[in-house]
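Subject: The structure, and what turned up in it

Hi there,

Here is the structure we talked about, together with its sequence. Have a look at it first, and then read on for my notes.

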Amino acid sequence: MNLELFREIFDNFVEPVYLVDPENYTILYVNKVLKEKFGECVGQKCYYVFQNLSSPCNFCSNKYLYRNPEKPYIWLHKNLKNNRWYKCIDQFIKYNGKFLRLEIAIDVTKEIIKSNLLKEKVKEYADLFENVPVPLYRTTLEGKFIKVNKAMRELFGYSRKDFQKIKAEDLYYQPQDRKKFIKRIEKFGYVEDYEVRLKTKDGRVLNCQLSTRAIKNADNQIVAFEGMIKDITLEKSFRKLLKDKVKKEKEDNNPLITQLSLIHDFYNLLQVILNNLLLIKNYCQKKELLKIEATIEQLKAIILKSQKLTTALTKIDIEKLRKKDLVDIKKVVERALDLFEKKEEIIFFVNLPDDIKVIGWENQLLTLFLNLIKNAWEAKKGEKAKIEIVGEIVKKEEKDYLKISFKDYGKGIKEEERKKVFQLYSSKKHLGIGLLIVSEIIKNHQGMIEIESEENNFTIFHIYLPIAKRKDKKRILLIGENSNLLAIIKNILHLHNYEFHYQREIEKGIKSYQEAKERNEPFLAIFYDTLYPQLPQEIKDFKKFLDSDPKTKIIYSAFIKEEDFKNFEIFNNNFIFLKKPYTTEEFLKVLNSLVKNDK
């Protein structure tokens with residue numbers, strides 16, 4: 001080996017190069033790049049200079065090179081001294097009959113970071129695929145399932161292992177329908193909303209729509225399918241019911257119209273989710289990290305919107321069987337504004353009174369406001385719509401109402417059309433479904449609606465909703481972690497004309513209790529529920545309530561003996577122990593006793 005030629009070659013390398021004696025780890029040569037980083041280090045130990053260690057590295061490549069001295073050893077390593085990643089190429093070379101180890105270290109830190117980011121994005125895509133609330137699948141051309149997500153498994157009742165054993169045609173109610181499906185997709189490359197009957201593991205028949213694309217190889221041959229499935233069994237039932245209702249001219253009393261409208265919006269969102277998932281997959285294959293990041297963020301926002309919209313997909317018929325709730329109108333309007341997908345095309349002015357509540361169904365009221373906002377947007381004359389939402393408390397027919405006025409500055413409504421705007425198909429363009437929904441929901445809430453309009457100028461919808469009577473209501477503070485139990489307690493309180501406020505943690509409950517007293521809106525009592533009693537600590541917390549008000553009344557509910565509860569001096573007539581399990585009557589008896597003591 002010519003040392004001068006060796007130095008001339010490697011001194012000009014842009015990557016670190018060094019030569020070391022493998023027997024004693026002494027550095028024999030470093031090139032200019034290494035000298036700039038570590039100084040003149042010839043004669044020192046390599047493990048100390050390069051890794052900041054006091055003894056030979058346990059990852060040293062000497063042992064691999066000794067096994068096969070003729071071949072280089074290539075490995076990846078993160079330097080302990082500067083925390084950068086290097087691709088190391090190690091080779092034994094002979095000099096004066098002795099092996100010396102030559103190492104070239106290529107800095108690959110940027111590539112490693114990029115690779116790790118890609119792995120994270122691919123994992124995030126996989127998580128989205130698994131958890132998105134839409135049945136998604138991928139199969140081979142022969143019908144073998146490659147991948148199915150959670151929603152797919154739940155829809156058909158098969159486990160992940162089951163899907164590995166069955167084929168796609170096993171899901172078809174009539175197996176020959178799959179052959180028709182394949183012919184169609186071979187012709188067009190994809191199908192959208194392709195209707196077919198499928199069956200679940202337990203034999204139930206589902207009416208479904210398939211939106212699927214073909215995956216082709218380099219020779220343009222179909223090798224797989226991937227897509228989504230929509231279960232439209234209920235939707236088809238709704239359509240039939242709606243058709244029957246229209247025939248009988250009873251459209252104005254049909255509570256299913258709202259459901260159809262919401263289902264349509266919901267499925268549109270599901271289609272957008274699928275399209276974005278396919279985009280992410282393509283970006284992953286092309287390693288386009290920025291586009292993956294942007295699309296995932298967009299998809300998260302869409303999924304959040306679909307989750308919000310899902311809350312409105314509650315059958316009105318079922319809601320009528322449920323007890324109404326106290327609904328904060330301002331909060332529901334704010335939710336509707338946030339949920340409306342074209343809100344960037346509307347200039348909003350909102351002025352609603354705080355803490356005004358009506359008795360009703362929050363989902364229906366949310367749908368009501370969404371339809372009024374949509375109606376204002378559709379009536380716009382320019383690129384942007386302008387809508388004012390103003391509320392005031394008024395007396396009408398000796399009752400207190402919250403009057404909410406939705407005013408848009410759009411096309412207006414002709415006088416001869418105002419009387420029939422709440423009839424089905426009154427509008428040729430929009431079919432009149434939205435305003436029919438508005439009318440139906442207002443009737444459900446014993447409210448009223450009035451219209452003012454001037455053609456090519458403005459339209460105002462005045463909504464009147466009866467205000468919940470809150471006089472003489474007693475307020476209860478609920479504290480506890482058992483959300484299922486406390487949900488039942490809330491219903492009991494509501495049915496018996498109590499108001500309630502909930503806090504999960506006792507520290508926050510103490511703060512709420514003190515703030516309510518400062519506002520001169522004190523709580524009648526505290527209902528404290530615990531799964532795992534910790535009385536000594538809880539006693540300290542209860543003393544904080546007493547510091548705020550010595551007459552604090554507390555109902556303590558737990559799975560313990562009453563004797564354990566009464567052993568503490570703090571408990572008196574204002575502390576009542578309610579042992580689990582208890583009946584509704586026992587709970588109300590305890591509550592009523594506190595009301596009597598309060599009087």
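Let me begin with a question: is phenylalanine 59 buried, partly exposed or exposed? Phenylalanine 59 has a relative accessible area of 23%, so it counts as partly exposed. Please keep in mind throughout that this is a predicted model.

Staying with that residue, its ring pairs with the ring of tryptophan 75; the two centres are 6.2 Å apart and the planes stand at 45°, so this is a tilted pair. Phenylalanine 59 belongs to the loop between helix H3 (46-51) and helix H4 (62-67), while tryptophan 75 is in strand S3 (residues 73-78), so the pair links distant parts of the chain, 16 residues apart. Tryptophan 75 has a relative accessible area of 14%, which means that it is buried. Both rings belong to one aromatic cluster made up of Phe59, Tyr64, Tyr73 and Trp75.

The count of aromatic pairs comes to 18. A second one worth a look joins phenylalanine 181 and phenylalanine 225: with centres 5.9 Å apart and planes at 65°, the pair is edge-to-face. Phenylalanine 181 comes from helix H8 (residues 176-188) and phenylalanine 225 from strand S10 (residues 222-231), 44 residues apart. Both partners are buried: the relative accessible area is 1% for phenylalanine 181 and 0% for phenylalanine 225.

Two lysines also sit over aromatic rings. The charged end of lysine 94 is 5.5 Å from the centre of the phenylalanine 99 ring. For lysine 407, which lies over the face of phenylalanine 458, the distance to the ring centre is 5.1 Å.

Eight of the 10 residues in S10 are buried, so the strand is mostly covered.

The bridge partner of threonine 139 is phenylalanine 145 in S7. S6 and S7 form a hairpin too, with four residues between them, and glycine 143 in the turn has a positive phi of about 105°.

Further along there is a parallel sheet. How many strands form the open sheet? Five do, in the order S19-S18-S20-S21-S22. Strand S19 (498-503) and strand S22 (575-579) each have a single partner strand, so they stand at the edges and one side of each has no neighbour in the sheet. On average, neighbouring strands are turned by 20° against each other, direction ignored. Within the sheet, strand S18 (residues 474-479) runs parallel to S19 and is joined to S19 by six bridges; leucine 477 has histidine 501 in S19 as its bridge partner. Helix H18 (residues 506-518) packs on this sheet and touches S18, S19 and strand S20 (525-529). The direction of H18 makes about 160° with that of S18.

Now for the chain as a whole. The protein chain has 21 helices and 22 strands. Of its 599 residues, 46% are buried. Among contacts with a separation of 6 or more, 59% are between residues 24 or more positions apart.

Finally, a word on confidence. The mean pLDDT of the chain is 78, and 77% of the residues reach 70 or more. Strand S1 (residues 17-21) has the highest confidence, at 93, and helix H12 (residues 316-321) the lowest, at a mean of 44. Two stretches have a pLDDT below 50: residues 249-257, with 20 contacts in the model beyond near neighbours in sequence, and residues 424-432, with 16 such contacts.

Happy browsing, and do write back with any questions.

Best wishes

Key
Residues numbered from 1 in each chain as written. Predicted model: local features only at pLDDT ≥ 70, side-chain atom pairs only at ≥ 80, totals over all residues. Heavy atoms only, no water. Pairing = 2+ DSSP bridges. Helix = DSSP H or I, 4+ residues; strand = E, 2+ residues; numbered from the N terminus. Axes fitted to C-alpha atoms, helices over the stretch in contact; angles between N-to-C directions. Contact = heavy atoms within 4.5 Å. Phe/Tyr/Trp six-rings, centres within 6.5 Å; stacked < 30°, edge-to-face > 60°. Buried < 20%, exposed > 50% of the residue type's maximum accessible area, 1.4 Å probe, protein only. Lys NZ or Arg CZ within 6 Å of the ring centre and 35° of its normal. pLDDT = per-residue confidence, 0-100.
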